[in-house]
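Please open the model in your viewer and keep the selection panel at hand.

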Amino acid sequence: MRFAVAELALVWRLFRADLGHQTKRIVLTVLAIAWGTLSIVLLLSFGEGLKRSLGQGARGLGEHVAIVWPGATTRAWMGLPSGRPIPIKEEDPALLRSRIPEIGLLSVEYAKYTSIAVGTKSINTRLRGVDPEFGEMRNIHPQLGGRFLNARDVAEKRRVVFLGEELARDLFGAEDVVGRTLQINQSVFLVVGVAEKKIQMGMYNGPDRNQPSIPSSTFKSMFTDAKIENLVYRPVSLDLADMAKAELYRVMGAKYHFDPEDTRSLGIWDTREMQRINDNIGLGIQIFLGIIGGLTLFVGGMGVANIMYAVVKERTREIGVKMALGAKERQVMTPFILEALLMTVLGGLVGTCVSLGLIAIIAALPLKGEAFDLLGRPTFSPAIAAATATILGTIGSLAGFFPAKHASSVNPAVSLRYE
Amino acid sequence: MMIEMQGIRKVYSTGRVEVEALKSVDLDIDRNEFVAIVGPSGSGKSTLMNLLGCLDTPTSGLYRLSGETVGGLDRNRLAEIRNRHVGFVFQNFNLLPYATALENVELPLLFGGVPTKERRERAKAMLAKVDLADRMDHKPTELSGGQMQRVAVARALVNRPTMILADEPTGNLDTSSGKGIVGLFQELHAGGQTVVMITHDMALARIASRIVQIRDGEIVDDQRAAA
C-alpha cells in the first residue's frame with residue numbers, strides 16, 4: 001500500500017506524459033468511457049423512472065387492496081349442491097367488520113349506469129355508491145378545495161357527489177367545480193370534490209377518472225333494488241393479508257354454507273399479486289437496460305485496454321529498468337492498472353456529470369401525455385450510482401490488468417535493449 | 001568469495017537455431033575488487049553481464065552471489081536479489097524521464113519497501129555524495145550527460161549493493177564527463193565498493209585492478225594489475 005501511495009504522484013505524471021504524445025487517442029478513449037457511462041446512467045435512470053411509474057400505476061387502484069364480488073360454489077357442501085350462487089348482502093359488511101379484525105378498511109360498492117346532467121349537457125356513466133373508506137383505499141385523493149365523501153354524508157344520506165377529474169372536465173369544462181350542482185336521475189347533487197390526476201393501471205369497470213361517487217346510503221335510497229356489486233377491503237397490514245382473506249372465506253362460508261376452501265364461491269382479486277408482478281417487470285426492464293449500458297461501457301473499456309497495450313509497448317525499456325532496479329511483478333503492474341483506472345474514472349466522471357445534467361434538463365421539460373406519464377421521468381438513485389461505480393471500477397481494472405500482466409512478463413534482459 | 005561462477009553456459013534458441021553465447025565460464029570475484037570485463041561486440045560480455053546481474057539465468061552451471069545460489073529462483077525472488085545486491089549503471093543512463101533526479105534515486109528503495117522518510121533522506125545523501133545536491137528536483141532532460149550518469153550511479157549505490165555492475169558507463173559521454181565517472185568509480189573502489197565494469201575499450205579497462213578478457217563466449221585472459 002505504501003508503494004501504491006508513493007507511486008500515485010508518478011502515475012499522474014506518467015499519464016500526463018502519455019497524454020502529451022497520445023493526446024487524440026486518450027481523449028477519444030476517455031470520451032468512449034464517458035459515452036458508456038452516459039448510456040448506462042441514463043438507461044438505468046429511465047428504467048428507474050419507469051419502474052417507479054409502474055409502481056405508481058399499480059398503486060392507482062389502491063395499495064394492497066382486495067376486491068370481493070359474488071360468485072358461485074364449485075363443490076357440494078353439507079348436503080348443498082355445487083353451482084349455488086353466493087351473494088353479498090346488505091348486512092355482510094357490518095358482519096365482516098366486526099368478525100375479522102385483520103380487515104383494516106372496508107367499503108361496499110354499488111354501481112349503476114345512469115345519466116348525469118349539467119344544464120343541457122348529459123353524460124352516461126357508471127355511478128357508484130361507496131363508503132368514505134373507499135377514497136383512501138383506492139388512492140382517490142381530492143384536489144385542493146374539495147373533499148371525498150365523509151361519514152356524515154353517509155349517515156344523513158346527503159345528495160353529494162365526488163367526480164373523477166375527467167368526468168368533471170367533460171361536464172363543466174375548465175371551471176371551478178366544487179360547490180356546483182348537477183342532476184343524477186332527476187335529483188340535484190352538490191359536487192363536494194374532484195379527484196386528483198393519477199396513473200391507474202389496474203381497474204375493474206373502467207378508470208376512476210370517469211366515475212362519479214355518491215354515498216352508499218344515498219345510492220341505496222335512490223335505487224332501492226340495488227344489490228352490492230362488490231366489496232373493497234384493505235388488511236391492517238401486509239403480513240395479515242392472507243389471514244384476512246382466509247377469515248373472509250371462513251366467515252362468509254359459515255353464513256352461506258359453503259366450503260371455505262372453495263375460492264370460486266366468492267371472487268377475490270388480491271391486487272398484491274399485480275403489484276408484485278409490476279415490480280418484477282420494472283426490475284426486469286432495468287436489468288435489461290443496465291446490460292445494454294454495460295455493453296456500451298465494455299466497448300469503452302476495450303479502448304482503454306488497447307491504449308494500455310500501446311503504452312506498455314512504448315515503455316518496454318522503462319519496465320526493464322524498473323525490473324533491473326528490483327521491481328517485483330506487482331510493482332511493475334500497479335502503475336499500469338492505476339493509469340487505466342485513472343482514465344476510466346475520468347471518463348466516468350465526465351459521463352456522470354453530463355447524464356445528471358441531461359436528467360435535470362428532461363425533468364424541467366414540460367412533457368405531457370399518457371406515454372410520458374408512464375415512461376415517467378429518468379430518476380438517478382444511490383443504487384444506480386453504486387452500480388455504475390462498480391461497473392466502471394471493474395472494467396477499468398480489467399482494462400489495466402491484462403496489459404499490466406503482459407508488461408510484468410517481459411524479460412528484463414531483452415527489454416533493456418529494446419529501442 | 002562474493003561471486004562464484006562455475007561452468008556457466010548460456011544458449012539462446014531462436015527458432016531452430018541455437019546460439020551458444022557463453023560456452024563454459026568460470027569466474028570468481030572477491031569483495032572490493034574492481035573488475036573490467038573486456039571483449040569485442042558479440043563476445044558474450046553482455047550475456048555475462050545479464051547473468052551476473054541476475055537479469056537472466058544460465059542454461060547450465062552454478063552461480064552463487066554472496067553465498068546464495070541463483071538458479072531456479074522465481075522472477076520475484078530474482079527481483080529481490082537485484083534490488084539488494086546489484087547496482088546497475090547503463091550506457092544510456094536509463095533514468096525515468098518524467099521523474100526528478102531525487103525520485104529516480106529513490107526507486108530502488110521504493111521497490112525494496114523502505115519507508116518514505118528514510119527513503120528520501122538516503123536518496124538525498126547519495127545525490128550529495130555525487131555532487132548533485134543542487135540538482136535534486138531537476139528532470140533528466142534538464143541535466144547534462146555527465147550529470148545524468150552521476151544520478152544513475154547514485155541510484156545504483158543507494159541500496160548499498162554488493163556490487164556495482166556498469167555496462168559501458170562512459171559510452172555516451174564526452175571525454176571529460178567520462179573521466180569524471182571513471183574517477184567516481186575509482187573513489188568508490190577505494191572506499192571498499194566492489195565494481196564490475198563491462199566495456200569494449202581496453203584503455204578504459206586499464207583503470208581497473210583486474211582485467212578479464214572474453215572472446216567467443218570464453219574467458220581468454222584474466223590479469224590482476226600489480227598492486
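Two strands are said to pair if DSSP finds at least two bridges between them, and helices (H or I, at least four residues) and strands (E, at least two) are DSSP runs numbered from the N terminus. This is a predicted model, in which local features need pLDDT of at least 70 and side-chain atom pairs count only at pLDDT 80 or more, while totals for chains, interfaces and linings use all residues. Residues are numbered from 1 along each chain as its sequence is written, and chains are lettered from A and ligands numbered from 1 in the order in which they are written.

Begin with chain B and select the open sheet of six strands, whose order is S6-S7-S8-S3-S9-S10 with mixed pairing. Its edges are strand S6 (86-89) and strand S10 (218-224) of chain B, each of which pairs on one side only.

Next, select residues 34-38 of chain B, which form strand S3 and pair in the parallel sense with strand S8 (residues 194-199) of chain B over five bridges; here Val35(B) stands opposite Val196(B). S3(B) also runs parallel to strand S9 (residues 210-215) of chain B, to which four bridges join it, and Val38(B) has Gln213(B) as its bridge partner there.

Moving on to S10(B), you will find that S9(B) pairs with it in the antiparallel sense over six bridges, with Ile219(B) as the bridge partner of Ile214(B). These two strands form a hairpin with two residues between them, and Asp216(B) in the turn has a positive phi of about 50 degrees.

Now return to Val196(B) and show its surroundings: leaving aside neighbours within four places in sequence, Val196(B) is in contact (C-beta atoms, placed from the backbone, within 7 Å) with residues including Ile29(B), Leu52(B), Met163(B) and Leu165(B). Val196(B) and Ala154(B) have the most contacts inside the largest nonpolar core, which has 117 residues. Such a core is a set of buried Ala, Val, Leu, Ile, Met, Phe, Trp, Tyr and Cys residues joined through C-beta atoms within 7 Å, where buried means that 20 or more other C-beta atoms lie within 10 Å of a residue's own. Helix H2 (residues 23-59) of chain A supplies the largest share of this core, 15 residues.

Finally, which chains give residues to the contact, and how many? Chain A gives 18 residues and chain B gives 22 residues. On the side of chain A that touches chain B, the elements that give two or more residues include helix H1 (2-21) and helix H11 (329-364) of chain A, and H1(A) gives the most, with six residues.

Key
Two residues are in contact if their C-beta atoms, placed from the backbone, lie within 7 Å. A residue is buried if 20 or more other C-beta atoms lie within 10 Å of its own, exposed if 12 or fewer, and partly exposed in between; C-beta atoms are placed from the backbone.
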